[in-house]
Amino acid sequence: MESEFIALDKAGEEAEWLRNFLENIPFWPKPLAPICIHCDSQAAIGRAGSLMYNGKSRHIRRRHNTVRQLLSSGIITIDYVKSRDNVSDPLTKGLTREVVERSSRGMGLWPRTSHRDGNST
């Protein structure tokens, strides 16, 4: 959960930067909608929404405060995505070939050649 929360904090910081950048573009439509961050950890989402942090790690407490501030100010929203639907999983962990192929198609990636029969696809 801690690593997912750290990633959530980093994504929130990037979303805040992007929002500030877009707000400074004169002809960009205003007001800006919150930036949606997809997360596959229900524990991290629950922690982000809780009012108190009861952990002992100071680095997580700071990140918790940052994420809560971004949520409450409307800069970000957090949506749960099931792990089987998470297209970024092949980038973070070892998965079966079928899951990697499904995630790759979800990202819009297609193989140039088939490794099974040697024909182009």
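The protein has 4 helices and 2 strands; both kinds of element are DSSP runs numbered from the N terminus, with helices (H or I) needing at least four residues and strands (E) at least two. Starting at the N terminus, the order is α-β-α-α-β-α.

Before going on, some conditions. This is a predicted model, in which local features need pLDDT of at least 70 and side-chain atom pairs count only at pLDDT 80 or more, while totals for chains, interfaces and linings use all residues. Residues are numbered from 1 along each chain as its sequence is written, and side-chain values use heavy atoms, with hydrogens and water left out.

Now the overall numbers. Of the 121 residues in the protein, 24% are buried. Buried means under 20% relative accessible area, exposed means over 50%, and partly exposed is in between, using a 1.4 Å probe and protein chains only. The protein exposes about 8,600 Å², and 55% of that comes from carbon and sulfur atoms. Those areas come from the Shrake-Rupley method with a 1.4 Å probe; for residues, only the protein chains shown count as cover.

Next, contacts, meaning heavy atoms within 4.5 Å. Among contacts with a separation of 6 or more, 58% are between residues 24 or more positions apart.

On to the salt bridges. The rule asks for a side-chain nitrogen of Lys or Arg within 4 Å of a carboxyl oxygen of Asp or Glu. How many salt bridges does this rule give? The count is 4. I will go through some of them.

Aspartate 9 and arginine 63 form one, at 2.9 Å from N to O. Which parts of the chain does this pair link? Aspartate 9 is in helix α1 (residues 2-23) and arginine 63 is in helix α3 (residues 58-72), so distant parts of the chain are joined, 54 residues apart. Are aspartate 9 and arginine 63 buried or exposed? Both are buried.

Another salt bridge joins glutamate 13 and lysine 10, at 3.4 Å from N to O. These two are 3 residues apart in helix α1, which means about one helical turn separates them. Glutamate 13 is partly exposed, at 28% relative accessible area, and lysine 10 is also partly exposed, at 44%.

The last one for today pairs arginine 97 with glutamate 101, at 3.0 Å from N to O. Both residues lie in helix α4 (residues 97-106), 4 residues apart, or about one turn of the helix. Arginine 97 is partly exposed at 41% relative accessibility, and glutamate 101 is partly exposed at 29%.
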